[in-house]
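Okay, thanks everyone, let's get going.

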Amino acid sequence: MEGKQLKKLMVGMALTATLATAVTPGFDSIGGNQEKAYAATVTYKVTASKLNVRSGAGTNYGIIGSVVKDQTLSVVSKSGSWYKINYNGRTGYVSSDYVQSSGTTAPPAESTTYTVTASTLNVRSGAGTNYASIGSVTKGQKLSVVSKSGSWYKINYNGRTGYVSSDYVQASGTTTSPAESTTYTVTASTLNVRSGAGTNYASIGSVTKGQKLSVVSKSGSWYKINYNGRTGYVSSDYVQASATASPKLVVDSFKTLGNAQQVILVTADNYDTKSAKIQTFEKVDGKWKQVLTANGVLGQKGFALAKKEGDMESPTGKYTIGTAFGRYANPGTKLPYRKITSNDVWVDDSKSSLYNTWQQKPANGRWTSAENMDIPAYDYGFVINYNESRTPGKGSAIFFHVGTNYTAGCTATSKEQVVSILKWLNPEKNPVIIQSPVSELDKY
């Protein structure tokens with residue numbers, strides 16, 4: 001139940017438009033939590049028409065404001081693909097994809113070779129994902145790097161200038177620690193252990209097929225290991241990494257999913273909180289994979305034990321996904337999509353035969369109460385198929401939509417997360433949404 005009630009709730013709330021970008025297959029950027037300080041000689045300018053400033057380094061953090069194209073930023077450091085900035089006297093974060101550095105650039109060492117680590121990596125015409133892709137490079141390919149600008153390497157690509165994200169390019173000679181959860185096993189019948197990372201170093205012993213190794217780090221094509229109390233090196237060509245079993249996902253224990261291959265899970269710590277955690281999962285090759293995690297909000301009074309019209313609570317349960325909607329053009333969802341007009345309403349009159357349905361004005365006596373659909377909260381969203389029997393008084397207009405404060409009974413998150421989920425949803429995979437306090441997930 002959103003319209004008239006939500007309109008009152010959202011008076012004075014400014015909704016910041018989210019920058020929409022076309023995604024080209026391949027990797028461009030990834031988050032991280034290790035910050036790098038930036039030289040004061042570099043000027044940083046916004047390249048997007050409007051760019052959100054967030055309270056933390058990720059789209060799951062709240063929006064605290066925005067900056068506009070060509071605005072100069074005071075960058076403190078970099079954390080993954082996010083810049084930490086001074087924003088109106090407080091700390092904020094902006095995506096490095098829409099911020100360009102001009103001035104001093106730090107060219108990489110001439111003697112260093114750069115190798116692609118992603119399976120496929122886009123090469124772009126400029127230093128950011130807002131620039132067009134001019135091609136791609138593949139894992140293991142060597143690159144001729146000219147210089148570095150922010151989090152992007154400038155390269156020579158087929159006789160022209162291109163840019164690749166530094167997150168997916170590794171300089172050989174640097175040391176990379178393998179994941180702690182990975183076990184390494186010898187695949188050769190006998191493998192020399194050497195005193196250094198190369199066959200020109202002396203052999204200090206050997207290991208045999210099937211033997212487990214304690215790997216410290218990787219240097220080029222050699223693994224640094226602990227060998228009989230001393231440091232040794234083995235060729236990575238004859239050592240296989242076998243990851244330990246992936247942690248069990250919450251959806252792995254669900255028994256009520258039927259043929260659903262996509263799940264949106266909305267959880268809260270208890271019935272009374274309006275704050276929610278939103279996770280999406282997809283079954284790939286028979287195994288569930290987690291796709292997204294985001295912060296969200298519920299009704300002002302949290303989850304409902306028994307949903308009623310106008311109670312300001314979000315219903316718990318498992319529901320199918322209905323029509324996608326928005327006040328703008330289809331953002332790319334595969335769901336049936338309906339563009340909202342100024343005449344669109346959702347009937348919340350329990351006495352009307354059209355209760356809990358999408359209709360158009362004028363009422364002409366068909367209902368006495370209906371909520372307006374043409375509001376910012378419904379810039380994008382989809383219908384949660386709740387109360388499909390249209391039982392009077394049980395609740396109406398239950399949506400997944402845009403919002404960061406609270407709702408009148410729906411579930412909401414940031415606009416970019418709503419759009420991301422809309423693009424991901426595929427009706428052929430029978431998606432469902434489950435809403436529940438954490439303590440009651442065993443029901444599903």
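Let's start with a side-chain pair: Tyr 378 and Glu 371 are joined through their side chains by a polar contact of 3.1 Å. Keep in mind that this is a predicted model, so everything I quote is computed from it.

Where does Tyr 378 lie? You'll find Tyr 378 in the loop between β36 and β37, and β37 covers 380–384. Is Tyr 378 buried or exposed? Its relative accessibility is 0%, and the cut-off for buried is under 20%, so Tyr 378 counts as buried. There's also Phe 400 to look at: Tyr 378 and Phe 400 sit 22 residues apart in the sequence, with 8.9 Å between their C-alpha atoms.

Now, the sheet. We've got an open sheet of 3 strands here, in the order β35-β34-β36, and the pairing is antiparallel. What stands at the edges? That would be β35, at 358–360, and β36, at 370–372. Each has a single partner strand, so one side of each has no neighbour in the sheet. On average, neighbouring strands in this sheet are turned by 40° against each other, if you ignore direction.

Zooming in on one pair, β34 runs over residues 344–347 and pairs with β35 in the antiparallel sense, over 3 bridges. Within that pairing, Val 345 stands opposite Gln 359 in β35.

Last stop, helix α2, residues 415–424. How many of its 10 residues are buried? The count is 8, so to speak, and the helix is mostly covered. Among the buried ones are Val 418, Val 419, Ile 421, Leu 422 and Trp 424, and Lys 415 and Glu 416 are buried too.

Technical notes: Residues are numbered from 1 along each chain as its sequence is written. This is a predicted model: local features need pLDDT of at least 70, side-chain atom pairs count only at pLDDT 80 or more; totals for chains, interfaces and linings use all residues. Side-chain values use heavy atoms; hydrogens and water are left out. Two strands pair if DSSP finds at least two bridges between them. Helices (H or I, at least four residues) and strands (E, at least two) are DSSP runs, numbered from the N terminus. Axes are lines fitted to C-alpha atoms, for helices over the stretch in contact, and angles run from 0 to 180 degrees between N-to-C directions. Buried means under 20% relative accessible area, exposed over 50%, partly exposed in between (1.4 Å probe, protein chains only). A polar contact is a pair of N or O atoms within 3.5 Å; within protein, one must be able to donate a hydrogen and the other to accept it, and residues adjacent in sequence count only if both atoms are side-chain atoms.
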